[in-house]
Amino acid sequence: MLRTRLCELLDIQAPVLGAPMGPEIMGLELAAAVSNAGGLGIISFGGYLPPDLKERIRKLRTMTSRPFGVNILLEGPHLPVPEAAFVDVCIEERVPVLSFFWGDPTPYVEQAHSAGIKVCDQVGSVSAAKRARSAGVDFIIAQGVEAGGHVAGAVGTMVLVPVIVDAVGPIPVVAAGGIADGRGLAAALALGAEGVVLGTRLIASTECNAHDIYKQKIIAATEEDTVRTTLFGNGWPNAYHRTLRTPFVNQWLAEEKRGSEQRPDEPIVGEVTLGGMRMPLPRFGGIPPARDATGDIESMDFLAGQSAGLVSEIKPAAEIIREIVVQGESILTNRAATGAVA
Ligand SMILES: Cc1cc2nc3c(=O)[nH]c(=O)nc-3n(C[C@H](O)[C@H](O)[C@H](O)COP(=O)(O)O)c2cc1C
């Protein structure tokens with residue numbers, strides 16, 4: 001079995017992390033499936049109030065006895081309560097891993113460590129990786145610009161991973177963005193990463209809570225069918241995200257500033273669940289459609305990375321992880337021995 005220092009650090013069997021994908025897409029079921037398969041499922045804090053997040057963490061614990069993570073966006077969308085309140089819940093609950101994105105983790109690392117929690121920060125540049133190192137995080141996720149969802153930087157995974165490894169080693173670095181199979185895992189390890197994050201690949205999993213139209217679109221998409229844009233503002237204006245270039249997105253791309261502004265008079269296009277509550281979704285509202293979304297699904301935000309071009313089947317998460325690890329291991333072994341492709 002392929003093992004890296006990340007496996008030791010996090011007490012996991014496979015160096016594969018399931019990306020937090022907002023509150024509804026990486027639901028508890030998918031996070032538990034990833035952790036039960038030997039990886040690390042990471043849920044998002046998003047959309048919930050601190051007491052609800054506490055409940056979710058407790059529920060997840062009934063679904064897996066393996067380590068998992070909770071992700072908190074530090075300078076992301078406007079929140080009804082400060083980020084620190086969510087960190088406090090994670091510390092009270094002693095979650096195994098606290099994962100940060102989009103902001104400075106420095107104020108929280110010491111407190112988390114004293115509760116025995118491992119901390120990571122997802123970054124898109126060497127400067128942010130150095131800040132994370134100074135903050136004292138346990139590992140760093142290097143997110144390339146081909147990643148799905150919000151993207152922090154502008155450099156591709158193939159370059160970003162080795163420059164960050166060089167800059168912050170020996171802190172373990174995990175590669176995110178563009179990885180959907182064992183070839184990506186093997187490549188990431190060859191670049192000096194100690195593991196990978198899967199986002200887009202896991203949308204097309206049986207346990208994922210994404211709307212069926214969303215899953216089908218991921219399967220149908222090629223690597224050229226995404227765009228990095230600020231079109232879907234949703235209280236988090238001017239933040240680049242990678243989403244599928246649907247007919248709706250094509251129609252509005254020339255006016256992406258308008259989407260980002262989130263004008264109060266945008267029409268309501270449907271209804272979604274956020275933080276356990278039903279809410280109307282205005283046009284350009286950046287909530288990707290979960291199973292129970294209703295209305296004009298086609299005009300919603302299908303966050304996805306270029307790795308959609310590598311995804312052609314919906315499978316259980318455990319199968320996805322097993323196949324990636326087996327293929328990755330086989331490539332690394334056979335290449336080292338013979339130079340041949342597995
Ligand atoms: C639907 C979706 C939602 C995402 N939401 C979050 C999030 O809430 N927090 C976060 O840190 N990253 C989020 N990301 C980014 C992932 O953490 C990760 O960087 C990305 O999925 C990796 O690229 P890939 O999609 O090619 O696997 C999201 C990605 C997707 C596809």
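Start by selecting histidine 211. Setting aside neighbours within four places in sequence, histidine 211 is in contact with Pro289, Ala290, Arg291, Ala293 and Ile297. Keep in mind that this is a predicted model.

Where does histidine 211 lie? Histidine 211 is in the loop between helix 10 (200-203) and helix 11 (212-220). Is histidine 211 buried or exposed? Its relative accessibility is 14%, and buried means under 20%, so histidine 211 counts as buried. The side chain of histidine 211 reaches the backbone nitrogen of isoleucine 213 at 3.0 Å.

Next, select residues 182-190. This is helix 9. Colour its buried residues: Gly182, Gly184, Leu185, Ala186, Ala188 and Leu189. Then step just past helix 9 to glycine 192, which takes a positive phi of about 105°.

For the last stop, select residues 28-36 and residues 50-63. These are helix 3 and helix 4. They pack at an angle of about 45°, and their axes are 9 Å apart. Helix 3 and helix 4 are therefore oblique to each other. Turn the view to look at the crossing: helix 3 passes helix 4 in a right-handed one.

Which residues meet here? Show side chains for Leu28, Glu29, Ala31, Ala32 and Asn36 in helix 3. Their partners in helix 4 are Arg56, Lys59, Leu60 and Met63. Colour this contact by class: five residues are nonpolar, one is polar and three are charged.

Terms used:
Residues are numbered from 1 along each chain as its sequence is written. This is a predicted model: local features need pLDDT of at least 70, side-chain atom pairs count only at pLDDT 80 or more; totals for chains, interfaces and linings use all residues. Side-chain values use heavy atoms; hydrogens and water are left out. Axes are lines fitted to C-alpha atoms, for helices over the stretch in contact, and angles run from 0 to 180 degrees between N-to-C directions. Helices (H or I, at least four residues) and strands (E, at least two) are DSSP runs, numbered from the N terminus. Angles under 35 degrees count as roughly parallel, over 145 as roughly antiparallel, 65 to 115 as roughly perpendicular and the rest as oblique. A crossing is left-handed if the near helix is turned anticlockwise from the far one by less than a right angle, and right-handed if clockwise. Contact means heavy atoms within 4.5 Å. Ala, Val, Leu, Ile, Met, Phe, Trp, Tyr, Cys and Pro count as nonpolar, Asp, Glu, Lys and Arg as charged, and the others, Gly among them, as polar. Buried means under 20% relative accessible area, exposed over 50%, partly exposed in between (1.4 Å probe, protein chains only). A polar contact is a pair of N or O atoms within 3.5 Å; within protein, one must be able to donate a hydrogen and the other to accept it, and residues adjacent in sequence count only if both atoms are side-chain atoms.
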